[in-house]
Structures are given as structure tokens and as C-alpha cells.
Amino acid sequence: MLAYIASMLLLIIGAYTLVMKDNLIKKIMGLSVFSSGIHIFLISLGYRAGGIPPLLTNLNFNQISAIMVDPLPQALVLTSIVINLSITAFAMAIIVDVYREFGTLNIKKLKSLRG
Amino acid sequence: MIAEFVPLLIASVFAIIIAVFALLMLISKKIHPTKKDQRKTFACGEEIEEKNLNIPAESLYNNMIKTLRLDVIRRWHSGNLASYIITIMLGMVLMIIYFIYVW
Amino acid sequence: MGDKIEMFSFYAILILLASAFATAVIGIKREGVAPYIAIASTFTALVLTLLTLRDVIANRIVTMQIGGWLAPYGITVVMDPLSIVITSIVATIGFFAALVSFRFVEERKVEYYTLFSLIMVGILGVLHAGDMFNLFVFIEILSIASYSLVAYHRDKISIEASIKYLIMSSFATGLILLSIAFIYGLTGTLNMADIALKLGTESGLLPIIFGLLLTGFGFKAALVPFHAWKPDAVMGAPAPIGAIFVLASLAGVYAIFRMFFTVFFITNISVYYLIIGLSVATMIVGAILALQQTDILRLLAYASISQVGYIFLAFGIGALHGFGYTAAIFHLINVAIFDSLLFFCAAVLIHGAGSSDMHKISQSVRFSPILGYSFMIGMLAAVGVPLLNGFASKWIIYITTLYVQPLLTIIALLVSVLTLAYGVKAFYIMFLTNSSKKRMRIPITMLVPILILVAACVFLGIYPQLGVQISEFVVKNLANIFYIGKVFGI
């Protein structure tokens, strides 16, 4: 239950920062917080009360398969974290170019494309 | 059975008509070649050259767009990133409300 | 059932991925090799896709389980008639785009061709995906490659377009991941066939899931409340990539079709009413805004938004009248052909003039009449003039909407008139008020794809039975019973 409340809070904070803040770097931070909300929600789906990490040693699958937490959402979240990392890295490179071209990081000054 | 060939028939009729007219134009150009009109255009006291006589291309539809007030839509795309994201969120929320009401 | 059929078109994805890496590595030393690697790999992808097309026509659905792991546990790659038709078109036009880029791109070729191969990997991967997470990963590959391509020219317009597109697109694909989370929580599986089996239609979360998925995929397909990125992104990107953006939008349309037909087998009519409403708004907004543009790439971007609206109108009508799905698939094929033709003509024009503003183009270079005729045929195909392929699919749309609701026919006809209006405007400014003296020869690698696409337009216009046969072949196999059976190996 706590995980769902935390995830919803992170989603709302991330979306608010993404829309309302004017600085480009704060928008990218908001994007990162938004993704964290989704990841926490996804991981908490695989939780099992009193579970152990899904690590197989010496092929003891039959002993731990009933009490281990679900490894599939963890794989999904790892993939998504890597994707978001590369998007953030690329966004930072573009922001360097934005500063070089426009001289400012305020989104309200980037108004040459309208219509 | 004939229905299979109807588009081909109509296309060949079109092609024959176009070919006949092109042939007619070519023959008439060979017989009597056209010369450019040497007179200048007279417009109420002054004379206009050929190259200024074109229809204004960029402002061709501007009158229609202004009277029908269609340029409001262009002003909505203001280039402001926040308004674009708010539009996406608003569209999503309205869609979800409609689905909850209907499903 | 039967012996194992090898899916050749999946190897096309692997070959394109390998060519992306090869271009990046070899390009450090020799820059001139990059275009040839891209052309060779897209041609190989085209050949492999045509081989799979022959297999799918023979066996109706071809699946492949990667690594030998069986269906709900492993990754499945599925080619059913809907996927293979769109994949053939995408592979062909990708090959043509590589040919047109050969002369268009002069500097930093290694960067361009690496990103080009990656974008083709993304689009082909979306079309091959058999489970939701592969779909998400390939959409992200497509998106990241396209962010970089939009920022290719490194001037003010490209940088601004790229950062805005990046922020909006990450938000929208995050919504897709959220809906995948909901689906996993409800059913415990990610395989599309398995979700179709396990998802009951009376779950309370289905409206939210479906709304999020429509938002995410509608962003990629540029439906109306989510279309704001497309004109800016197409304007910043190099002109042959405009055609690739059309293909990416068609991949988004394919993803929506997959959601509707295979994963959630929607039979509720009100959902289709919403699709019709969105499509009407898309057609009208695209056409009206295209009238007011002075830049050829923005005009063509709005034109493609408007034509995708026609596809959705036919798709929404298909639930109410049997023939609408055929019209949607046929119009999808036609949109791919004539929109790519228009973008390639624009690429030739921009290559000659150095700028994409229509007035600057009309004052800088005089082109041969072949280019003028090709552009005119592309525009007339978009309008729906008889003897061209747009007429055949639009005629079916008019007739089916006439049976359901004549108001929609009137709207579709009005949007066709508006299409003629902006087509005439573009053609008039660029070709008929051309006041320059400098002539330019069109390079042969740009001319051949344009002529082949013009021939395809005229051929499908004269012989529309071919298009209707292809669409019927797709629509007959849309019910997900065959899909689920083949994936589980029954």
C-alpha cells in the first residue's frame, strides 16, 4: 500500500516539475522523478511478503521458487533505468548546445518554432 | 467478368484522350508557333511588367483564413512546451474519463 | 503444426543492428564507406522481408520463439498478415530513403548512417514484437535515434525542436511503461497472446490501461491532441528522415491496431466513437494548419498528420460497417507511398536550394519538369484524384461513411478540398512562380526512388484490385484466434 502511495506521489511531483518549471535542467530532473515513480510501481508488483531475493545457487530452484520475489519486473525496471539513463545523457548534451545557441536555459525564450 | 477490366478500360480511355489532345497541341504549335505578346499591360495610367503580374502566392488564402477565424488554431501552437504537455495530459484525462463512463 | 519455418525478416533486424555498429566502427577511419553499408543492409532487409512475405502468404502466421523458450515464458516474434504488409512497405521505403540520402547528406556521414540504421531497427522491431516489453524497448530505440536525427543540423531550429521533442516523447513513452505495469499486475504475463487469453473484459482497470496506451501510441502516430511535436521535429530533421517519420507514425498506428485486435479484443462501440471523433479532429487540424505554412517540410508534416486521420476514420467506421478495416489498411499502404514520394521530392528541392522555405526555393534553382510532375502526382494522390492510388482508398472511405453517417462523408470531402488547396499552394509557389535561371540536374540516386514511387502510385490507381486483395488478406486474418493458436504452437 505504501509503495502505491509513494509511486503516485512521485508521479505527481515529476509531472508537475516537468510542466511548471521553466529551467530545462529542472525539466529533465522532473522526467527522472516521473520515471522513478513508474519504476517503484513496477517493482512493487512483484513483491511477496516475507520473500527472498531471486538468486539461484546450486540449482535450488525447487526450494526457493515458492518464496522468492518475482524477478520479471526487476528485469523490466533495469531495462527501463538504462533507457532513461541514455535519454538523460543525450538531453544533457542537447542542453549544452541549447546554451551555446540561445544563451539561456529558460524554456520561455525558445520560441522560434511556432505555428 | 467485365468488372475486372473496367478500371483498365477507363484508364486507357483517359490515356487515349490525353494523347489525342497532346498530339493536337503539338501539331498546332508546329503549324503556327506562338510569339510572346509584345504589348505591356496597361493598368489605369501605369504599365506593369510581366514578372510583377503573378497571383500573390503566400497571401493566397489569407482572406479566407481570417474571415473564417482559422488562424486561432495556429495561435494555439504557440511553441510553448508547457502548453503542449498540458494538452497531452488533458487529452489523456478526458479520454480516461470517457472510457470509465462508457466501459 | 508442420515443419519449422525460419523467420527471415527477424534476421533483417539483426543485420541492420550489426550495420549500425559496423558503420560507427569503420567510420572512424574511412568515412566514405558509411553510405554503402547502409544501402547494402537496407537492401538485404528488403530481400529478407520479401522472403517472409512469401512464407506468410503460404502459412498465414509465422512465429519464432527466440532461444527455444516456449510461448508464455520466452520472447516471441510474430509475423501475421497485418505486420508483414506494413513491414514490406517500411523495408522498401527505408531502402529508398537510404538511396536518397546518398547525395543529400554531405557532412558527418558516419553519424547520419548509424542513426539511420538504428531508426530502421526500431521501426522493424516494433512491427515484429510479440510481447509488450519488446514493443516498448523498440519504441524507445526508435525514439532515441530520432531525437539525435532531429538535432542533426545543429542550428537553432534543430536544437530547439530536438529538446522539445525529447521531453514530450519521454513523457509519453513513460505512460506506455505505466500501462505495461498495470497489465502485468492484472495478468502476470507480458506475452500478447497470453494477455489476450487471461484478460477478462470486466476488469475495472481496463479504461485506465487503454487510455494510457492510446495516449502513448497516439503520440507516436501523431493523433490530434498529441501531434504538436511532429511539425517541429520534421522541420529540424534532414529531409529524407521526414519519410522515416511517416513510417514511424505508421508503426504507431500498427501498435494501436495490435492493441485493438489482438491484445484487447474490443467489441464496445463507444470506443470506436471516440476513435472517429479523434480522427475527424486530426484530419481537420492537419489540413487547416497546412494551409498557413510557408515552409515545405512543415507543410508536408501537417499533410501526413491529416492523412493518418483518414486511416483512423476508416478504422473507426470498420466496427460499424464491415468494409472499413479494408479501407484503413489500403489507405495505410497508399499514405506510405505518396507521403514518402512527397518527402523525397522535397529532399531534392532542399538539396538544390539549400533552405526549406518555399519562397527561397522558388528563387534559387530551376528544376527539370520530371520533378514537377512527380510532386504534382504525389499531391494529386493525396487529394484523391481518379487514376491515382489515393482515389481508390478514399472512395471506399466515402462509401462506407455514407452508409453509417453522411456527415462524416461531408467532412472527409471538405478535407480533401483543403488538401487540394495546400497542394496547389505548395506546387504554385515552388514550381510555377520560379524566377531563377540556374538549372540543376537531379542526381540519379534521388531520381530512381521518386520514379519508382510515382509508378507505384499510378499502378495502384489503375489496378486497385491489387490493393483491395492485399487489404482483404490482412482483414480476413485479424481475429486473434489464429494468432493465439500459432503462438502457443497448437
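How many residue pairs are in polar contact between chain B and chain C, both at pLDDT 80 or more?

Analyst: This is a predicted model, in which local features need pLDDT of at least 70 and side-chain atom pairs count only at pLDDT 80 or more, while totals for chains, interfaces and linings use all residues. Residues are numbered from 1 along each chain as its sequence is written, chains are lettered from A and ligands numbered from 1 in the order in which they are written, and side-chain values use heavy atoms, with hydrogens and water left out.

Six residue pairs are in polar contact between chain B and chain C, both residues being at pLDDT 80 or more. A polar contact is a pair of N or O atoms within 3.5 Å; within protein, one must be able to donate a hydrogen and the other to accept it, and residues adjacent in sequence count only if both atoms are side-chain atoms. The same interface has zero salt bridges (a side-chain nitrogen of Lys or Arg within 4 Å of a carboxyl oxygen of Asp or Glu).

In terms of extent, 34 residues of chain B are in contact with 45 residues of chain C (contact means heavy atoms within 4.5 Å). The two chains bury about 3,700 Å² between them, and carbon and sulfur atoms supply 77% of that area. Buried area is the accessible area (1.4 Å probe) that two parts lose on being put together, summed over both. On the side of chain B, the residues that lose the most area to chain C are Y61(B), I88(B) and W103(B), together 19% of what that side buries. Helix 1 (6-31), helix 2 (62-67), helix 3 (71-76) and helix 4 (81-102) of chain B each give two or more residues to this side; helices (H or I, at least four residues) are DSSP runs, numbered from the N terminus. Helix 4 of chain B gives the most, with 14 residues. By class, this side of chain B has 25 nonpolar, five polar and four charged residues. Here Ala, Val, Leu, Ile, Met, Phe, Trp, Tyr, Cys and Pro count as nonpolar, Asp, Glu, Lys and Arg as charged, and the others, Gly among them, as polar.

Chain C also meets chain A, where 35 residues of chain A are in contact with 36 residues of chain C. About 3,200 Å² is buried between these chains, with 80% of it from carbon and sulfur atoms. The count of salt bridges between chain A and chain C is zero, and four residue pairs are in polar contact, both at pLDDT 80 or more. Helix 1 (2-20), helix 2 (24-44) and helix 4 (72-102) of chain A each supply at least two residues of the side that touches chain C. Helix 4 of chain A gives the most to that side, with 16 residues. The residues there divide into 23 nonpolar, six polar and six charged.

On a 1 Å grid over the protein atoms alone, a cavity is a set of points where a 1.4 Å probe fits but cannot get out, and a pocket is an open set with protein on both sides within 12 Å along at least five of seven lines; lining residues have an atom within 4 Å of a point. Grid points are joined across faces, edges and corners, and a volume is the space filled by probe spheres set on the points.

The largest pocket holds about 710 Å³ of space. It has 27 lining residues, of which L72(A), P72(C), Y73(C), G74(C) and Y184(C) are the closest to its centre. Helix 4 of chain A, with helix 5 (132-150) and helix 7 (192-198) of chain C, each give two or more residues to the lining; helix 4 of chain A has the largest share, four residues.

Among the residues lining the largest cavity are F34(A), H39(A), F136(C) and E140(C). Its lining divides into four nonpolar, seven polar and one charged. The second largest cavity, of about 40 Å³, is lined by I28(A), L31(A), S32(A), S35(A), N84(A), I87(A) and T88(A). Helix 2 of chain A supplies the largest share of that lining, four residues.
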